[in-house]
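Colleague: I am new to this structure. Please pick a single part and take a close look at it. Then connect that part to the rest.

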Amino acid sequence: MADYESVLCVKNEVFVYNIPPRQSNRGYRAADWKLDQPDYTMRMRVVAKGPAVTIKLEDRNNGELFAQCPVEAYPGVAVEAVMDSSRYFVLRLVGDGGRTAFIGVGFQDRADSFDLNVALQDHFRYVAKEKEIASGTAKIDNTPKLDLGFKEGQTIKLNIATKKGLDSKSKARPTGAAGGGLLPPPPPSGRILPPPGSAPSQAATTPSQPSQKSSQSSWVTFE
């Protein structure tokens, strides 16, 4: 089946510059161009057909092709970022007979240059992955996988903490001497109640006033 053409990116405003030759191997600088006086303002279309990518510069009004830049790899010599700005690039144009020329292109908005970068990177990353799969050299993870699933007939036991232990401890607490549960609270000042289970006596109705020392001992006992 023949490869179909797909458009990776379109930018309707691209500034095009005729640039001076590179003076050294250090790279191009956009500051050496007349950035406020672009030679052309065009539309850019990034088109992919199979693994091949072409950057096309076209007339903004009628779509007539002005120049094209075949891209074999990115980053590479076909599209080179300048040293002093993220919004400008140098494109290697290829004309009839294989002749080449270098021009500068730039964007008003930094987001446009970012879109161009992402479109080219994603395409060639996809191409590289396809080549690995086709040649069988794609990395296969052979490490054993951890199987956390239950086997047939396997069960699991859960220990859920409850208040049962606390209840048993409270039940095991020793009771009073009469065996009837907790002892009653201390009586109001000036009156002593008889022990639980004992019959009231006449002497208990008119008790003697307890000393401060014995009252403190009773509070410590009922703490």
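Modeller: Start with F89. F89 is buried, since its relative accessible area is 2% (buried is under 20%, exposed over 50% and partly exposed in between, with a 1.4 Å probe and protein chains only). This is a predicted model, in which local features need pLDDT of at least 70, side-chain atom pairs count only at pLDDT 80 or more, and totals for chains, interfaces and linings use all residues. Residues are numbered from 1 along each chain as its sequence is written, and side-chain values use heavy atoms, with hydrogens and water left out.

F107 is buried too, because its relative accessibility is 0%. Both residues carry rings, and rings can pair. The rule takes Phe, Tyr and Trp (its six-membered ring) with centres within 6.5 Å; planes under 30 degrees apart are stacked, over 60 edge-to-face, and the rest tilted. The count by this rule is five aromatic pairs. Take Y17 and W33: their centres are 5.7 Å apart and their planes meet at 35 degrees, so this pair is tilted. Y17 sits in strand β1 (residues 5–18), W33 in the loop between β1 and β2 (40–49), and the two are 16 residues apart. Helices (H or I, at least four residues) and strands (E, at least two) are DSSP runs, numbered from the N terminus. Y17 counts as buried because its relative accessibility is 2%. W33 has a relative accessible area of 8%, so W33 is buried as well.

Now back to F89. F89 and F107 pair edge-to-face, with 6.4 Å from centre to centre and 75 degrees between the planes. F89 belongs to strand β6 (residues 88–94) and F107 to the loop between β7 (100–106) and α1 (110–135), so the pair ties together parts 18 residues apart in sequence. Ring pairs also build a cluster: Y17, W33 and Y88 are linked this way.

α1 has 26 residues. Its span from first C-alpha to last is 38 Å, close to the 38 Å expected at 1.5 Å a residue (the expected span is 1.5 Å times one less than the number of residues). Which residues of α1 are buried? They are D112, S113, L116, A119, L120, H123, F124 and V127. These buried residues pack against β1, β2, β3 (52–58), β4 (65–71), β5 (79–81) and β6. Contact here means heavy atoms within 4.5 Å.

Side chains of opposite charge can pair when their charged atoms come close. A salt bridge puts a side-chain nitrogen of Lys or Arg within 4 Å of a carboxyl oxygen of Asp or Glu. The whole structure holds seven salt bridges. In one of them K11 meets D112, with the closest N and O atoms 3.0 Å apart. K11 is buried, because its relative accessible area is 12%.

Other bridges tie other strands. R22 pairs with E80, and the closest N and O atoms lie 3.1 Å apart. R22 is in the loop between β1 and β2 and E80 in strand β5, so the bridge joins parts 58 residues apart in sequence. R22 is partly exposed because its relative accessibility is 33%. E80 is partly exposed, with a relative accessible area of 21%. E58 and R45 form a salt bridge of 3.0 Å, N to O. E58 lies in strand β3 and R45 in strand β2, 13 residues apart. E58 is buried at 4% relative accessibility. Bridges with shared partners join K11, D112 and D115 into one network.

Step back to the whole chain. There are three helices and seven strands. From the N terminus they run β-β-β-β-β-β-β-α-α-α. Of the 223 residues, 22% are buried. Take contacts between residues at least 6 apart in sequence: 52% join residues at least 24 apart.
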